[in-house]
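Visitor: I would like to learn how to read a few features of a structure. Where do we begin?

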Amino acid sequence: MTVFGFSGDPFSNSIGDSFFNGLFGVFPIIFMVVFGLIIFAFIKSGMNYSKTSSTLKDLQRFASQLADDPDDDTAERLADYLRGIDSFSIERTRMEPFRVALGCYQLIMESNSIREETKERVDRQYKRLGILDGEKFADEAPPRSRSSSSHHDIHHNHHNHM
């Protein structure tokens with residue numbers, strides 16, 4: 001029987017079966033791609049975290065040396081270290097490396113035992129990395145997620161005080 005120009009049984013599932021067979025053939029590929037992207041994101045965030053931790057430790061060493069005995073050699077080594085860094089990310093949830101970097105900068109700029117040429121070299125590296133641009137974030141508290149219980153407490157307290 002022919003219905004609307006299609007030959008064969010109009011109630012046959014052959015079209016639907018081939019569609020679902022094709023879909024189930026593509027589904028594992030899509031699943032593997034999504035799973036791969038999730039794994040990649042975890043690895044990338046882990047690498048960023050370890051890079052930030054390493055940077056923090058290095059900067060803390062420089063800060064300690066500069067606080068104990070600010071000298072031109074330490075400032076030069078800091079400038080060399082910063083020149084080797086491609087970027088200095090300022091994350092509002094993890095401001096410690098940024099604060100330590102600003103502390104090093106202030107120790108260098110306020111020291112009389114560090115030459116002006118070295119101060120200018122350090123200043124150029126800080127500006128290149130954008131560390132001085134993020135100074136406005138240094139004193140801010142990290143952003144906190146609002147919990148539903150605090151909202152409930154506020155709502156509850158509102159009713160008690162009426």
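Guide: With accessibility: buried means under 20% relative accessible area, exposed means over 50%, and partly exposed lies in between. In this predicted model, Asp 73 has a relative accessible area of 46%, so Asp 73 is partly exposed.

Visitor: Which residue forms a salt bridge with Asp 73?

Guide: Arg 77 does, with the closest N and O atoms 3.5 Å apart. Arg 77 is also partly exposed, at 35% relative accessibility.

Visitor: How should I read their spacing along the helix?

Guide: An α-helix has 3.6 residues a turn, so residues three or four places apart point the same way. Asp 73 and Arg 77 are four residues apart in helix H2, and therefore about one helical turn separates them.

Visitor: Which parts of the chain does the salt bridge between Arg 115 and Asp 72 link?

Guide: In that salt bridge the closest N and O atoms are 2.8 Å apart. The pair links distant parts of the chain, with Arg 115 in the loop between H3 and helix H4 and Asp 72 in helix H2, 43 residues apart. Asp 72 is buried, at 16%, whereas Arg 115 is partly exposed, at 43%.

Visitor: Which residues are linked with these two in a network of salt bridges?

Guide: The network also includes Glu 76, Asp 80, Arg 83, Glu 117 and Arg 121. Glu 76 forms a salt bridge with Arg 115, at 3.3 Å between the closest N and O atoms. A search of the whole structure finds 10 salt bridges.

Visitor: Is Met 47 buried or exposed?

Guide: Met 47 counts as exposed, at 53% relative accessibility. Met 47 is in helix H1 and belongs to a nonpolar surface patch that includes Phe 27 and Ile 43; the patch has about 750 Å² of accessible area together.

Definitions and conventions: Residues are numbered from 1 along each chain as its sequence is written. This is a predicted model: local features need pLDDT of at least 70, side-chain atom pairs count only at pLDDT 80 or more; totals for chains, interfaces and linings use all residues. Side-chain values use heavy atoms; hydrogens and water are left out. Patches are made of residues with over 30% relative accessible area and no salt bridge: like charges are joined within 9 Å, nonpolar side chains (Val, Leu, Ile, Met, Phe, Trp, Tyr) within 5 Å. Accessible areas come from the Shrake-Rupley method with a 1.4 Å probe; for residues, only the protein chains shown count as cover. A salt bridge is a side-chain nitrogen of Lys or Arg within 4 Å of a carboxyl oxygen of Asp or Glu. Helices (H or I, at least four residues) and strands (E, at least two) are DSSP runs, numbered from the N terminus. Buried means under 20% relative accessible area, exposed over 50%, partly exposed in between (1.4 Å probe, protein chains only).
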